[in-house]
Each structure stands twice: as structure tokens, then as C-alpha cells.
Amino acid sequence: MVSRKVSRRRFVASTTAASTAFVAAPFVRGAYAAGKLSLGLWDHWVPGANKTSEALIREWADKEKVEVTIDYITSQGNKLLLTTAAEAQAKSGHDVLAMAHWLPARYAEQVVSVNDIMEPLIKQNGAVNGTVEYLGKVDGKWLGVPVPIGSQIKGPCSRIDLMKQHAGIDVQAMYPVGAPPKADAWTLDAFLKAAEACQKAGHAFGIGLGTTSDSVDTAGAFFHSFGAQLVNAKGDITVKSDNVRKALDYCKRLTAFLPEDAPSWDDASNNKWLVSGRGALIMNPPSAWAVAKRDAPKVAEQCWTHGFPSGPNGRYAPYIPFFWNIWSFSKNAAAAKSLLVFISSQTSAEKLVAASGGYDLPSFANFTEFKTWAEEEPPKGTLFHYPNPYNHQKLSIAAAPAPHKIAEQIYNQGIMPQMIVRHYKGEAMDKTLDWASREIEGFMRN
């Protein structure tokens, strides 16, 4: 039976999840119905992706005889964020709620520990990357299970033709299908030269410098490439370090070759830049390419997703994981854990990746070689290196490794791109660093 409420889609089904054998019975149902479970999930932008997650959950629920309610909640207008805050305050709402990056740590005291399922999942599915652990595990407590739905790497998506013609770079040869990257020469210096060449040819790199997440994520990866931390893991302000100065100097030089209105860009701007045919490169998951397939197929035919350029401290790529978290007020935490185990199986993950056209990204190491990424087209194999199958780059998030409460504010206020814009517009570096230090000191007082 399907019913509709305020959220875009809502259905009720006699459903629930089959626990996999390696987990020691987190959920045992009786002879009849095993209770109810309500889920608040991110409303996927890819058409049909929600139907696949719904079908998987229905499969689990039918077997376990649990009555499941699913709300798909849009992130537009911060509705998912507002739902999370409202439920935390009311201590009532969904049993399981999808939360991105900083939210599990923000509500660490109000979610159920899932150590008992995460540890066996890691043993079975392979390790998770350091960013997943940083965001999803606090004081030894796993706060949720990382899920493919919505998780993404925001790495370079380049125009094959424009990069070859104007920058002399063959991105397909550098990141070949079915083989490890041959990208030793793909450095920040090479990136800067390519940005200059493409900008002079009228095809600037589409990198934003606003304060929304795409801009912040890219700025954060550049800073990580220099080992530049605004706040260290101990909570010390480290803005005035040599590494931060080097990162800021580099970003100032790069900004000269970006679109003039880059400081005003939001998360839709880079998508539009690529689809318009003007951009030689953007930083994005496969969403922009997918839109190009629909609206500008000739552009899509020339797109290639690949790795980030390397800097003095290594090669870092922006990564945003989604978690499914169980509220402490849930009345059916055992069933919720069983569902999380089911949705984390290889079979489930592979179906979710296929349904999203390769956009969704599992966090477990053994789940980076599904056929979807090798077969998606045009051109065939364009997404092969998107899931980082050779651990070619470190997956990162801006403002790490600062303590979560400080890092979240640095991220949400867009401190790094603001620093870049201020310095680019002529503000002396020391003055920019003083400004950033004062802002972060204010975060620490709050």
C-alpha cells in the first residue's frame, strides 16, 4: 500500500531486512509480524533510484514481516537537514534517518551505536576510508552505517577534446579503462598550466569559489594537497602555518584562470558550466555528466571522470559520505540494524550503484569494481576511475582533522574559499590569515 504525505514520496509496505549470516542475530522476529520501522531517506535526484532502494527494502521487509514506512526527503531547501534537527529536538520521528557528513557527529549522543554490525561489515566488505571513519566514528562508537545512496567523490570531470587540444593532456591515456592511472605527471603545477591554457582558449575550468558545498569541497582538497590545516586534530588553530600560506598562494594563482564570477557560484553553477560547452573541467560527481547526457549529448560524449592532481602532501579527492543512523528513541533498533546489514551487502550495493547510473558510491574497499562504472557511456568507461578503484588518491573532507564541532563550522561558513577570494582580490596574506583566525576563534567560543 502506498500513501503520500508532505515529503515527495511515501509508501507503506509489509517489509523488512534479512540479516546476513555473519552478523550474530541483531534481529530475531517472532512467528508473526516483527513490528514497525519508519525510514527517512534522502530523495535521490536520479530518476528510478528511489524505486530500487524501495524494492530492496520491500524484499527485506517481506522476508522479516516488518511493516515499513519510507519517506524520501529532499535535500533542496535544507529539508532533510531541518527534519534531522526537528526530530532530534522532539526525540520523535523516524527510526532510521539518512545523515550526510557532519550530522552523525553532531547528534552523536542521540543515535544508537552500530559497532556490533560495522565491525563484521568491515571484515566482510573491506575497510572504509579514513574520512568515513573520521565522520562516522566518535570516541570508538560507530554512529551509523555508510551507505552508497548519496555518497560521492567530487573529483575532476574533464572534456577529453578540450584538454587535449588546449592543454596537451590526454585524460583517457592518463586514466585508462581497466588499468591503473598513469598520472605521475598530473600535479598541481600541471593543473595550473592546463587551467591557464584552457582559460586563454575560452574554456576556463569551472571551479566555484562560493560558500556552498561544491566550492568548499574543492578548496578543501587543494588545502589537503599542501598539508594545510586551519585547525589540527587537537583543536589548535594552525592557520598561520607555512603550508596554509603555500596553499593560499597556489589558489590565488589558480583563481586568475577561473570564471570571473566564480566567487558567486553555487552548487548548480559548475553543472551549468559543463553543459553549456564552455568548461574544459569541473569538480563534480557524475551528476553533471548525467545532465549533459540528457541536455547536451555532444558534451557528454567528451567527458571523462578521473583523479585529482597531486600536491606536495599527496593526492586528495573531496568525498561526501551518507550514513543511515538509528535514533536512540527508535522502538525497533534491532530490526533497523538488520536492515542496515542487508542494505550493506554486495548484492544490494551493486543494485543501488546501477540504479544511480554510477553516481552512488559504496564506502567499503571491496565495492569499487562494479561493472556499472566500466560500462556506463558515453564514452564507454567514462566513470571507471570515479570510485577510486586503485586507491590512487586519499578521500578527504574540507576542515578535517579538526574536532567535529569546529570543522563543521569551518565547512558550513566556507572559510577556505572566502580566504582564497579575499587574498585574490588584493588583501595581504597576513591580513587574510588574521581574519580566518578570528573567525575560527569565534567558532570556538560558541
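## Overall build

Helices (H or I, at least four residues) and strands (E, at least two) are DSSP runs, numbered from the N terminus. In this predicted model, the protein has 19 helices and 13 strands. Its radius of gyration, taken over C-alpha atoms, is 22 Å, close to the 22 Å that the globule rule gives for 446 residues, so the protein is as compact as a globular protein of that length. The globule rule is 2.2 Å times the number of residues to the power 0.38. Along the principal axes, the C-alpha atoms fill a box of roughly 70 × 50 × 40 Å.

Residues are numbered from 1 along each chain as its sequence is written, and side-chain values use heavy atoms, with hydrogens and water left out. Because the model is predicted, local features need pLDDT of at least 70 and side-chain atom pairs count only at pLDDT 80 or more, while totals for chains, interfaces and linings use all residues.

## Surface and interior

Of the 446 residues, 60% count as buried, meaning under 20% relative accessible area (1.4 Å probe, protein chains only).

Contact means heavy atoms within 4.5 Å. Among contacts with a separation of 6 or more, 78% are between residues 24 or more positions apart.

## The nonpolar core

A nonpolar core is a set of buried Ala, Val, Leu, Ile, Met, Phe, Trp, Tyr and Cys residues joined through side-chain atoms within 4.5 Å. The largest one has 146 residues. Phe191, Phe205, Leu230, Trp324 and Met419 have the most contacts inside it.

## Cysteines

A disulfide is a pair of cysteine sulfur atoms within 2.5 Å, and the structure holds 0 of them. Cysteine 157 is in no disulfide; the nearest cysteine sulfur, in cysteine 303, is 4.1 Å away. Cysteine 157 is buried, with a relative accessible area of 2%.

The sulfur of cysteine 198 is too far for a bond, because the closest cysteine sulfur, in cysteine 157, is 13 Å away. Cysteine 198 is also buried, at a relative accessible area of 0%.

## Aspartate 214

Aspartate 214 lies in helix H9 (residues 213-225). This residue is buried, with a relative accessible area of 10%. Apart from neighbours within four places in sequence, aspartate 214 is in contact with Lys154, Asp267, Asn270 and Asn284.

Terms used: Buried means under 20% relative accessible area, exposed over 50%, partly exposed in between (1.4 Å probe, protein chains only).
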